[in-house]
Amino acid sequence: MLSPDARHVLVIMPAWNEGETVGTTVAEVINLNEGYDVLVVDDGSTDRTADVAAAAGATVLRLPFNMGVGGAMRAGFKYADRHNYDAVIQVDADGQHDPREISSVLEGLRSADIAIGARFASKGDYKVSGPRQWAMVFLAAVISRLARTKLTDVTSGFRAGNKRAIAQYLDHYPAEYLGDTIDSLVVAIKSGCRVTQIPVAMRPRQGGTPSHNPAKSAIYLLRSVFALLFAMTRSRSQIAVGESNA
(Lines give C-alpha, C1' and ligand atoms only; values in the text may rest on other atoms or scores of the structure.)
Protein backbone atom coordinates (compact mmCIF):
# COMPACT_ATOMS: atom_id res chain seq x y z
CA MET A 1 0.00 0.00 0.00
CA LEU A 2 1.38 3.40 -0.97
CA SER A 3 1.30 6.19 1.56
CA PRO A 4 -0.64 9.30 0.47
CA ASP A 5 2.63 11.20 0.15
CA ALA A 6 4.01 8.62 -2.30
CA ARG A 7 0.99 8.47 -4.57
CA HIS A 8 1.00 9.85 -8.11
CA VAL A 9 -2.17 11.96 -7.89
CA LEU A 10 -4.26 13.50 -10.66
CA VAL A 11 -6.63 16.34 -9.85
CA ILE A 12 -9.52 16.13 -12.33
CA MET A 13 -11.34 19.40 -12.82
CA PRO A 14 -14.47 19.22 -15.01
CA ALA A 15 -15.28 22.67 -16.36
CA TRP A 16 -18.08 24.09 -18.47
CA ASN A 17 -17.89 27.82 -19.16
CA GLU A 18 -15.81 28.45 -16.03
CA GLY A 19 -13.38 30.89 -17.61
CA GLU A 20 -13.97 33.34 -14.77
CA THR A 21 -12.79 30.95 -12.04
CA VAL A 22 -10.85 28.02 -13.49
CA GLY A 23 -7.51 29.84 -13.74
CA THR A 24 -7.52 30.80 -10.07
CA THR A 25 -8.56 27.31 -8.99
CA VAL A 26 -5.84 25.65 -11.07
CA ALA A 27 -3.25 28.07 -9.70
CA GLU A 28 -4.36 27.34 -6.13
CA VAL A 29 -3.80 23.61 -6.65
CA ILE A 30 -0.41 24.08 -8.30
CA ASN A 31 0.73 26.58 -5.66
CA LEU A 32 0.18 23.97 -2.95
CA ASN A 33 3.47 22.45 -4.17
CA GLU A 34 2.26 18.99 -3.19
CA GLY A 35 3.09 17.34 -6.50
CA TYR A 36 -0.43 17.03 -7.89
CA ASP A 37 -0.98 17.02 -11.65
CA VAL A 38 -4.01 18.99 -12.81
CA LEU A 39 -6.24 17.90 -15.69
CA VAL A 40 -8.99 20.30 -16.71
CA VAL A 41 -11.64 18.59 -18.80
CA ASP A 42 -13.17 21.38 -20.85
CA ASP A 43 -16.73 20.15 -21.31
CA GLY A 44 -17.58 21.84 -24.59
CA SER A 45 -17.23 25.37 -23.21
CA THR A 46 -18.09 28.33 -25.40
CA ASP A 47 -15.94 30.76 -23.41
CA ARG A 48 -12.16 30.83 -22.78
CA THR A 49 -12.16 28.06 -20.15
CA ALA A 50 -9.61 25.90 -21.99
CA ASP A 51 -7.20 28.75 -22.73
CA VAL A 52 -7.36 30.14 -19.21
CA ALA A 53 -6.80 26.69 -17.67
CA ALA A 54 -3.81 26.00 -19.91
CA ALA A 55 -2.30 29.40 -19.14
CA ALA A 56 -2.61 28.65 -15.42
CA GLY A 57 -0.58 25.46 -15.82
CA ALA A 58 -3.13 22.68 -16.27
CA THR A 59 -3.18 19.95 -18.87
CA VAL A 60 -6.41 20.49 -20.82
CA LEU A 61 -8.58 17.83 -22.40
CA ARG A 62 -11.12 19.44 -24.72
CA LEU A 63 -14.42 17.68 -25.35
CA PRO A 64 -16.10 18.58 -28.64
CA PHE A 65 -19.49 19.23 -27.02
CA ASN A 66 -21.05 19.43 -23.57
CA MET A 67 -21.38 15.97 -22.01
CA GLY A 68 -22.14 16.94 -18.41
CA VAL A 69 -20.05 16.29 -15.30
CA GLY A 70 -20.41 12.52 -15.64
CA GLY A 71 -19.10 12.49 -19.20
CA ALA A 72 -16.25 14.84 -18.32
CA MET A 73 -15.23 12.70 -15.35
CA ARG A 74 -15.30 9.52 -17.45
CA ALA A 75 -12.82 11.18 -19.80
CA GLY A 76 -10.68 12.13 -16.82
CA PHE A 77 -10.67 8.59 -15.44
CA LYS A 78 -9.58 7.22 -18.82
CA TYR A 79 -6.72 9.72 -18.84
CA ALA A 80 -5.73 8.71 -15.31
CA ASP A 81 -5.77 5.02 -16.21
CA ARG A 82 -3.72 5.49 -19.37
CA HIS A 83 -1.11 7.51 -17.47
CA ASN A 84 -0.99 5.08 -14.54
CA TYR A 85 -2.03 7.42 -11.72
CA ASP A 86 -2.34 5.91 -8.27
CA ALA A 87 -5.20 8.15 -7.21
CA VAL A 88 -7.55 10.80 -8.55
CA ILE A 89 -9.55 13.54 -6.90
CA GLN A 90 -12.30 15.69 -8.38
CA VAL A 91 -12.07 19.41 -7.70
CA ASP A 92 -14.74 21.73 -9.07
CA ALA A 93 -13.51 24.58 -11.25
CA ASP A 94 -15.82 27.13 -9.60
CA GLY A 95 -13.69 27.31 -6.45
CA GLN A 96 -16.18 25.81 -3.99
CA HIS A 97 -13.85 22.89 -3.27
CA ASP A 98 -10.95 24.34 -1.29
CA PRO A 99 -7.69 22.94 -2.73
CA ARG A 100 -6.17 23.10 0.76
CA GLU A 101 -8.50 20.23 1.70
CA ILE A 102 -7.19 17.91 -1.04
CA SER A 103 -4.57 16.26 1.16
CA SER A 104 -7.16 15.60 3.88
CA VAL A 105 -9.53 13.89 1.45
CA LEU A 106 -6.68 11.83 -0.01
CA GLU A 107 -5.81 10.74 3.52
CA GLY A 108 -9.11 8.87 3.54
CA LEU A 109 -7.66 6.47 0.97
CA ARG A 110 -5.54 4.95 3.72
CA SER A 111 -8.59 2.93 4.79
CA ALA A 112 -10.95 3.09 1.79
CA ASP A 113 -11.12 3.01 -1.99
CA ILE A 114 -13.26 6.16 -2.23
CA ALA A 115 -13.01 9.15 0.10
CA ILE A 116 -15.75 11.79 0.07
CA GLY A 117 -15.12 15.37 1.16
CA ALA A 118 -18.26 15.79 3.26
CA ARG A 119 -19.88 19.19 3.76
CA PHE A 120 -22.14 18.08 6.62
CA ALA A 121 -19.70 16.36 8.95
CA SER A 122 -18.96 18.85 11.73
CA LYS A 123 -16.67 21.16 9.73
CA GLY A 124 -17.55 24.42 8.05
CA ASP A 125 -20.90 26.17 7.85
CA TYR A 126 -22.25 24.99 4.49
CA LYS A 127 -26.04 24.75 4.62
CA VAL A 128 -28.90 23.70 2.37
CA SER A 129 -32.63 23.79 3.00
CA GLY A 130 -35.95 22.69 1.55
CA PRO A 131 -36.17 19.90 -1.05
CA ARG A 132 -32.41 19.67 -1.52
CA GLN A 133 -31.91 19.09 2.19
CA TRP A 134 -34.66 16.46 2.27
CA ALA A 135 -33.13 14.67 -0.69
CA MET A 136 -29.62 14.74 0.80
CA VAL A 137 -30.79 13.38 4.17
CA PHE A 138 -32.77 10.59 2.51
CA LEU A 139 -29.96 9.63 0.15
CA ALA A 140 -27.38 9.67 2.95
CA ALA A 141 -29.50 7.38 5.10
CA VAL A 142 -30.07 4.81 2.34
CA ILE A 143 -26.50 4.78 1.03
CA SER A 144 -25.02 4.71 4.55
CA ARG A 145 -26.96 1.51 5.16
CA LEU A 146 -25.68 0.05 1.91
CA ALA A 147 -22.07 1.06 2.65
CA ARG A 148 -22.31 -0.01 6.31
CA THR A 149 -20.75 3.25 7.42
CA LYS A 150 -22.15 6.66 8.24
CA LEU A 151 -22.14 9.03 5.28
CA THR A 152 -23.65 12.50 5.49
CA ASP A 153 -22.92 13.97 2.05
CA VAL A 154 -23.31 11.39 -0.70
CA THR A 155 -23.92 14.03 -3.38
CA SER A 156 -20.56 15.73 -2.83
CA GLY A 157 -18.42 15.80 -5.94
CA PHE A 158 -15.29 16.47 -3.89
CA ARG A 159 -14.12 12.87 -3.77
CA ALA A 160 -10.96 10.86 -4.26
CA GLY A 161 -10.44 7.33 -5.54
CA ASN A 162 -7.59 4.85 -5.69
CA LYS A 163 -6.74 2.47 -8.53
CA ARG A 164 -9.52 0.09 -7.57
CA ALA A 165 -12.05 2.91 -7.77
CA ILE A 166 -10.61 4.12 -11.08
CA ALA A 167 -10.91 0.61 -12.56
CA GLN A 168 -14.53 0.38 -11.45
CA TYR A 169 -15.35 3.85 -12.77
CA LEU A 170 -13.93 3.08 -16.21
CA ASP A 171 -16.74 0.62 -16.93
CA HIS A 172 -19.53 1.89 -14.71
CA TYR A 173 -19.28 5.65 -14.23
CA PRO A 174 -22.61 7.08 -15.46
CA ALA A 175 -23.14 10.27 -17.41
CA GLU A 176 -26.77 10.88 -16.38
CA TYR A 177 -27.83 13.84 -14.23
CA LEU A 178 -26.97 12.99 -10.59
CA GLY A 179 -25.47 9.73 -11.79
CA ASP A 180 -21.95 11.06 -11.33
CA THR A 181 -22.55 11.27 -7.57
CA ILE A 182 -25.36 8.93 -6.54
CA ASP A 183 -25.30 6.18 -9.15
CA SER A 184 -21.51 5.99 -9.28
CA LEU A 185 -21.29 5.69 -5.50
CA VAL A 186 -23.96 2.99 -5.19
CA VAL A 187 -22.48 0.89 -7.99
CA ALA A 188 -18.98 1.26 -6.55
CA ILE A 189 -20.22 0.04 -3.16
CA LYS A 190 -22.07 -2.87 -4.76
CA SER A 191 -18.83 -3.71 -6.58
CA GLY A 192 -16.98 -4.05 -3.28
CA CYS A 193 -15.33 -0.64 -2.98
CA ARG A 194 -14.97 0.68 0.55
CA VAL A 195 -16.13 4.24 1.16
CA THR A 196 -15.30 6.76 3.85
CA GLN A 197 -15.89 10.47 4.35
CA ILE A 198 -13.63 13.28 5.48
CA PRO A 199 -15.09 16.50 6.95
CA VAL A 200 -14.29 19.52 4.78
CA ALA A 201 -15.24 23.17 4.72
CA MET A 202 -16.78 24.37 1.48
CA ARG A 203 -16.39 27.85 0.08
CA PRO A 204 -18.95 30.03 -1.73
CA ARG A 205 -18.82 29.80 -5.49
CA GLN A 206 -15.99 32.12 -6.55
CA GLY A 207 -17.69 33.39 -9.69
CA GLY A 208 -20.17 32.58 -12.45
CA THR A 209 -23.79 31.58 -11.99
CA PRO A 210 -25.00 28.95 -9.49
CA SER A 211 -26.64 25.95 -11.12
CA HIS A 212 -29.48 25.61 -8.61
CA ASN A 213 -32.46 27.73 -7.61
CA PRO A 214 -35.67 26.96 -5.64
CA ALA A 215 -37.50 25.57 -8.68
CA LYS A 216 -34.59 23.34 -9.61
CA SER A 217 -34.36 22.17 -6.00
CA ALA A 218 -37.80 20.57 -6.23
CA ILE A 219 -36.80 18.81 -9.45
CA TYR A 220 -33.58 17.76 -7.72
CA LEU A 221 -35.62 15.94 -5.07
CA LEU A 222 -37.51 13.89 -7.64
CA ARG A 223 -34.49 13.15 -9.81
CA SER A 224 -32.40 12.11 -6.82
CA VAL A 225 -34.95 9.50 -5.82
CA PHE A 226 -35.11 8.13 -9.36
CA ALA A 227 -31.31 8.13 -9.60
CA LEU A 228 -31.10 6.12 -6.39
CA LEU A 229 -33.76 3.62 -7.50
CA PHE A 230 -31.99 3.17 -10.82
CA ALA A 231 -28.65 2.67 -9.10
CA MET A 232 -30.07 0.06 -6.75
CA THR A 233 -31.27 -2.03 -9.69
CA ARG A 234 -27.89 -2.08 -11.45
CA SER A 235 -26.05 -5.38 -11.26
CA ARG A 236 -22.88 -5.87 -9.25
CA SER A 237 -19.68 -5.10 -11.14
CA GLN A 238 -17.62 -8.12 -12.14
CA ILE A 239 -14.35 -6.16 -12.16
CA ALA A 240 -11.44 -8.15 -10.84
CA VAL A 241 -9.32 -6.05 -8.52
CA GLY A 242 -6.18 -6.57 -6.55
CA GLU A 243 -4.84 -4.66 -3.56
CA SER A 244 -7.50 -2.02 -2.86
CA ASN A 245 -5.13 0.66 -1.62
CA ALA A 246 -2.25 0.07 -4.01
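Start with the charged pairs: the structure holds 8 salt bridges, a salt bridge being a side-chain nitrogen of Lys or Arg within 4 Å of a carboxyl oxygen of Asp or Glu. Side chains of opposite charge can pair when their charged atoms come close.

Before you click, some ground rules: this is a predicted model, where local features need pLDDT of at least 70, side-chain atom pairs count only at pLDDT 80 or more, and totals for chains, interfaces and linings use all residues. Residues are numbered from 1 along each chain as its sequence is written, and side-chain values use heavy atoms, with hydrogens and water left out.

**Stop 1: arginine 203 and its partners**

Select glutamate 28 and arginine 203. Their side chains meet in a salt bridge, 3.0 Å from N to O. Glutamate 28 sits in helix 1 (residues 22-30) and arginine 203 in the loop between strand 7 (195-199) and helix 8, so this pair ties together parts that are 175 residues apart in sequence. Helices and strands here are DSSP runs numbered from the N terminus (helices: H or I, at least four residues; strands: E, at least two).

Buried or exposed: where does arginine 203 fall? It is buried, with a relative accessible area of 16%, while glutamate 28 counts as partly exposed at 27%. The cut-offs are under 20% relative accessible area for buried, over 50% for exposed, and partly exposed in between (1.4 Å probe, protein chains only).

Aspartate 98 is in the loop between strand 4 and helix 4 (102-107), so its pairing with arginine 203 ties together parts 105 residues apart in sequence. At 7% relative accessibility, aspartate 98 counts as buried.

**Stop 2: aspartate 86 and lysine 163**

Here is another salt bridge, this time 3.9 Å from N to O between the side chains of aspartate 86 and lysine 163. The pair links distant parts of the chain, 77 residues apart: aspartate 86 is in the loop between helix 3 and strand 4 (87-90), and lysine 163 is in helix 6 (residues 163-172). Aspartate 86 counts as buried at 12% relative accessibility, whereas lysine 163 is partly exposed at 31%.

**Stop 3**

Highlight residues 68-82, which make up helix 3. Its 15 residues should span 21 Å at 1.5 Å a residue, and the end C-alpha atoms are 22 Å apart, which agrees. That expected span is 1.5 Å times one less than the number of residues. Among the buried residues of this helix are Gly70, Met73, Phe77 and Tyr79. Just after helix 3, look for asparagine 84, which takes a positive phi of about 60 degrees.

How many aromatic pairs does a search of the whole structure find? It finds 4. Tyrosine 79 and tyrosine 85 form one that is stacked, 6.5 Å centre to centre with 25 degrees between the planes. Rings of Phe, Tyr and Trp (its six-membered ring) pair if their centres lie within 6.5 Å; planes under 30 degrees apart count as stacked, over 60 as edge-to-face and the rest as tilted. Both tyrosine 79 and tyrosine 85 are buried. Next, select Phe77, Tyr169 and Tyr173, which form one aromatic cluster.

**Stop 4: aspartate 37**

Aspartate 37 is in strand 2 (residues 37-43) and counts as partly exposed, at 29% relative accessibility. Which residues does aspartate 37 contact, leaving aside its neighbours within four places in sequence? They are His8, Val9, Leu10, Val11 and Tyr85, where contact means heavy atoms within 4.5 Å. The C-alpha atoms of aspartate 37 and valine 9 are separated by 6.4 Å, though the two are 28 residues apart along the chain.

**Stop 5: zoom out**

For a last look, show the entire chain. It has 8 helices and 7 strands, and buried residues make up 52% of its 246 residues. Residues 24 or more positions apart account for 80% of the contacts with a separation of 6 or more. Finish on phenylalanine 226 in helix 8 (residues 214-233), which is exposed with a relative accessible area of 59%.
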